Amino acid sequence: MVRIRTFVMVLTLVSAAVPAAANAADPTVEVLPGPALGAEEATPLTRAEQRSVAQRERQAARLAAESESASRTKHADALALAALCPSMAISALALEERTATDATSAGVAGSTAEERLTAVSGSGSCVSDFVAIYPRQQIKGIYCGPATVQQVINYTRGIFSWDQNWNWFTQKQISDWWLKADANGGTSPYAERVGMNAGSRLPSGFIYAERQVTSGADWHGKIITDVSGWDMPLTAAVAPHDIGFGYFLTSWENHPAVNTGHWIVMRGYYAKWDGTRVPLAYYTDSSGGYGGETGRFVDPSYDIYRTLIKTNGVHSQGKWIVW
């Protein structure tokens, strides 16, 4: 399958050295399967934390239902939606980011998450929002988990800088204390959740949880819910560039295909889900020198969803996000 990109992107990214060729038997970046790994004992969320997550689940479900309804009716024609969301507007959006002092773009500052998401739901198809995530280069091939958790912690702690050395915790500390990436050879969704909750300064009423998305609309709705409703990023475990697969991340397309798994940070979106490649998802990647590139990127949300649900020998259980 040949991918033809039909949108314009303007990106700022950190250049990375071209990695040595990798193959399926020698993955360079690993995400091992399941909610827990090895000796990990998956501690469930408390009942209060579960109620917090359930609130966000309801918010995301409402957005997903609205998106699916719209895709069956007025947005069934992808060309009609493309006319509402012109590609030139997309290139300009790629330069936008939220800073620590910005008011919310989905609603007035101080509004509740429910009010802000209602504003998104009632707006036009080309809504967009971002949080200011700054990419960090992973220091080991199996450190995509620590690198993504580091970026989330930095954001919640007010570190808005391209300086790779300015971090609240080092990746080694994050691995040793919470993720156990060295011991387990990768980062499970459970461990990713533990690190994101333990090291971050979280908004009142918000807690990260690991979940498997149920559909593309659910996936995109969860991005909108966290970014617009809570000013928070989320992370996703993807198969970034599987051999012979037609969907892959822009951050990996200039490097050899390899069957592996990888964590990325989701930081924004453009347009509502409609089942086409028009809606976009904005993310950071940490994989420079380990199969991909490090920097900020944007892809069709549909494409990223396909890499999210794709499985292989290393990334053997798909659909996992921590949100």
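Reader: In which loop does D231 lie?

Author: The model is predicted: local features need pLDDT of at least 70, side-chain atom pairs count only at pLDDT 80 or more, and totals for chains, interfaces and linings use all residues. Residues are numbered from 1 along each chain as its sequence is written, and side-chain values use heavy atoms, with hydrogens and water left out. Helices (H or I, at least four residues) and strands (E, at least two) are DSSP runs, numbered from the N terminus. In these terms, D231 is in the loop between α9 and β4.

Reader: Is D231 buried, partly exposed or exposed?

Author: Buried means under 20% relative accessible area, exposed over 50%, and partly exposed in between (1.4 Å probe, protein chains only). Because its relative accessibility is 22%, D231 counts as partly exposed.

Reader: What percentage of the residues in the protein chain is buried?

Author: The secondary structure of the chain comes to 10 helices and eight strands. Contact means heavy atoms within 4.5 Å. Among contacts between residues at least 6 apart in sequence, 75% join residues at least 24 apart. Of the 323 residues in the chain, the buried share is 56%.

Reader: Which residues does I304 contact beyond its neighbours within four places in sequence?

Author: In general, nonpolar side chains in soluble globular proteins tend to be buried together. I304 is one of the residues with the most contacts inside the largest nonpolar core. With neighbours within four places left aside, the contacts of I304 are W219, V238, L249, I264, M266, A281, Y283 and D299.

Reader: Is α9 roughly parallel, roughly perpendicular or roughly antiparallel to α10?

Author: Axes are lines fitted to C-alpha atoms, for helices over the stretch in contact, and angles run from 0 to 180 degrees between N-to-C directions. Helix α10 (residues 301–309) and α9 pack at an angle of about 110 degrees, with axes 10 Å apart. Angles under 35 degrees count as roughly parallel, over 145 as roughly antiparallel, 65 to 115 as roughly perpendicular and the rest as oblique. Therefore α9 and α10 are roughly perpendicular.

Reader: Which residues of α9 and α10 meet, and is the crossing left-handed or right-handed?

Author: From α9 come G216, W219 and H220, which meet S301, I304, Y305 and L308 of α10. A crossing is left-handed if the near helix is turned anticlockwise from the far one by less than a right angle, and right-handed if clockwise. The crossing of α9 and α10 is right-handed.

Reader: How does α4 lie against α9?

Author: Helix α4 (residues 113–122) packs with α9 at an angle of about 120 degrees, and the two axes are 8 Å apart. On the side of α4, the contact is made by A113, R116, L117 and V120, and on the side of α9 by I224, T225, V227, S228, G229 and W230. Because of the angle, α4 is, relative to α9, oblique.

Reader: Which residues does Q59 touch, beyond those up to four places away in sequence?

Author: Q59 is in helix α1 (residues 47–72). Because its relative accessibility is 1%, Q59 counts as buried. The residues that Q59 touches are A113, E114, L117, T225 and W230.

Reader: How many of the 11 residues of α8 are buried?

Author: Helix α8 (residues 189–199) is mostly covered. What covers its buried residues includes α5 (144–156), α6 (171–179), β3 (210–212), β4 (234–238), β5 (262–270) and β8 (320–322). Among the buried residues are Y190, R193 and M196. The number of buried residues in α8 is nine.

Reader: How far apart in space are S200 and Q150, C-alpha to C-alpha?

Author: S200 is in the loop between α8 and β3, and with a relative accessible area of 8% it is buried. Leaving aside neighbours within four places in sequence, S200 contacts V152, I153, T156 and R157. S200 and Q150 are 50 residues apart in sequence, and their C-alpha distance is 9.1 Å.

Terms used
A nonpolar core is a set of buried Ala, Val, Leu, Ile, Met, Phe, Trp, Tyr and Cys residues joined through side-chain atoms within 4.5 Å.
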